[in-house]
Amino acid sequence: MKQLFVRAALAAALVLPLAAQAHKMWIVPSSTVVSSDDALVTFDAAVSNDLYYPDHFPAQLDNLVITAPDGSQVKPENPWTGKVRSAFDLPVPQKGTYRIALVNQGLFANYELDGQKKRWRGKADELKSGIPANAKNVQVSEMASRVETFVTQGKPGGDALKPTGKGLELVPVTQPNDLVTGEKATFQLLLDGKPAAGLKVTAIPGATRYRNAQDEQDTQTDKDGRFSFTFKDPGMYWVNANSEDNKTTVKEAKQRRVAYTATLEVLPQ
Amino acid sequence: MRRLLPLALCFLAAPVAAADMNLTVEIPTLKVAEYHRPYVAVWIEREDHSVAANLAVWYDVKKASGEGTKWLKDMRQWWRRTGRDQSMPIDGVSGATRPAGQHQLHFTDGKAPLGTLAPGHYELIVEAARETGGHETQRIAFDWPVKVPAHLAAKGTDELGQITLDLNP
């Protein structure tokens, strides 16, 4: 038991710093606030070290979910995935707020095969075929992540930000496309539709390439899952929160990791 | 001259009527490689930043299929406070962009677009945003109603020049 605990702590120690330094996944729009119904917004999506410079791996667009202000799902135009980034266009004819999200749900497993450590990543229904029958020490984790951004044509509003009740989600108190420097912006984080209390939330301004420090701001959600930031400088911000629990949907998985990331634009006064 | 006379008489008659505002907005001449006329918005805010009156919005009204509205959001303060609630064009408020120079605007208490301001402390705001250019906002604070004629001014530095606001009781 003690050994198990030590092992778990070790694993956590190995994973956590990595997680903290890990590549960041993001989706960044060319505009967040538009004023005509024939406006078009284009997006980049990638996994990278620097914000928002694609330098590592493209985000996969298979799980792109775009919700229009009327609550309907819309398809992107010209989706493309290159070596280091993905891109797509989105006309925004409806007045209100659009939610553009990469919603990933899957399993990852560590196991040993003939004394060698192996890793596997995939979907729940692929688990049986993905891991050899003679694998040992199979440890399966479930993960649910949402990486998203918002675009508003005209006045913010509509149904796109209604929570789905799955994983970590952001609910606006301040509209995500109504952020200006020096004004407090407040949001609520929900985990499976319920307030996510006591979670650390990090905000990192973009353009990390042009400064020496990450300049991250941290805060914590209160008992209602609410958190606030006052952004000093205008620009794009990467806002991220993570949590772990054992509320898995797949019986083979003992642990679940949930993550939430938003790209928010803050305009100057 | 014959034409001017009735006009002059109108002006003479004006002081009898309600309080008014005379605003001059200067758009400076800029020596830049690519010049576009600025989009300009003029409005009045209450102390809580709510909008008491939309006075002027100059934008590219001529472009086909309302394409000029695409850049309205660049007047970002105006857009956030009131622009995004409007449907363009706004009757008696919006109009074409203006060239460099002094532009006179006249508003009368009780008449659109000024309407009737409740007694209080206000700010007149002029915001300019120029394609491939800069952005500037100037504010002039005033109290309403005015008891004695007041001459107020602000001076822009880049996209706006001299702004004067004359208030008459």
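Ground rule before anything else: I call a residue buried under 20% relative accessible area, exposed over 50%, and partly exposed in between (1.4 Å probe, protein chains only).

Bookkeeping. This is a predicted model, where local features need pLDDT of at least 70 and side-chain atom pairs count only at pLDDT 80 or more, while totals for chains, interfaces and linings use all residues. Residues are numbered from 1 along each chain as its sequence is written, chains are lettered from A and ligands numbered from 1 in the order in which they are written, and side-chain values use heavy atoms, with hydrogens and water left out.

**Entry: salt bridges**

My criterion is a side-chain nitrogen of Lys or Arg within 4 Å of a carboxyl oxygen of Asp or Glu. Side chains of opposite charge can pair when their charged atoms come close.

I started with A:Asp215 and A:Arg211, whose closest N and O atoms are 3.3 Å apart. A:Asp215 is partly exposed at 46% relative accessibility, and A:Arg211 is partly exposed too, at 21%. I also noted a network: A:Arg99, A:Arg146, A:Glu148 and A:Glu169 are joined by salt bridges that share partners.

The size of an interface is often given as the accessible area lost when the parts come together. Chains B and A bury about 1200 Å² between them, with 44% of it on carbon and sulfur atoms. On the chain B side, B:Arg76, B:Arg80 and B:Arg84 lose the most area to chain A, together 46% of what that side buries.

By contact (heavy atoms within 4.5 Å), I find 13 residues from chain B and 15 residues from chain A taking part. For polar contacts I want a pair of N or O atoms within 3.5 Å; within protein, one must be able to donate a hydrogen and the other to accept it, and residues adjacent in sequence count only if both atoms are side-chain atoms. That gives 10 residue pairs between the two chains, both residues at pLDDT 80 or more.

How many salt bridges cross the interface of chain B and chain A? The rule finds 4. I looked up two pairs.

For element labels I take DSSP runs, helices (H or I, at least four residues) and strands (E, at least two), numbered from the N terminus.

- A:Lys155 and B:Asp85 form a salt bridge at 2.9 Å, N to O. A:Lys155 sits in the loop between strands S11 (136-153) and S12 (168-172) of chain A, and B:Asp85 in the loop between helix H2 (76-81) and strand S4 (94-96) of chain B, so the pair joins two chains. A:Lys155 is partly exposed with a relative accessible area of 47%, and B:Asp85 is partly exposed with 41%.
- A:Asp178 and B:Arg84 meet at 3.1 Å, N to O. This pair also crosses between chains, from the loop between S12 and strand S13 (179-180) of chain A to the loop between H2 and S4 of chain B. Both A:Asp178 and B:Arg84 are buried.

**Entry: strand S11 of chain A**

Why do I call S11(A) largely enclosed by the rest of the structure? Because 13 of its 18 residues are buried.

Next, its partners; two strands pair if DSSP finds at least two bridges between them.

- Strand S2 (residues 33-34) of chain A runs parallel to S11(A) over 2 bridges, with A:Val33 opposite A:Thr152.
- Strand S9 (residues 96-113) of chain A pairs antiparallel over 16 bridges, and A:Ile100 has A:Thr149 as its bridge partner.
- Strand S20 (residues 253-267) of chain A pairs parallel over 10 bridges, where A:Val147 has A:Thr261 as its bridge partner.

**Entry: A:Ser86**

A:Ser86 is in strand S8 (residues 86-91) of chain A. It is buried, at 0% relative accessibility. Its side chain reaches the backbone oxygen of A:Ala59 at 2.5 Å. Leaving out residues up to four places away in sequence, A:Ser86 touches residues including A:Phe43, A:Pro58, A:Leu61 and A:Trp80.

**Entry: a sheet in chain B**

I traced an open antiparallel sheet of 4 strands in chain B, in the order S5-S1-S9-S8. Strands S5 (101-108) and S8 (150-155) stand at the edges with a single partner strand each, so one side of each lacks a neighbour in the sheet. Strands S1 (residues 20-27) and S9 (residues 162-168) of chain B pair over 6 bridges, with B:Asp20 opposite B:Asn168.

Key:
Buried area is the accessible area (1.4 Å probe) that two parts lose on being put together, summed over both.
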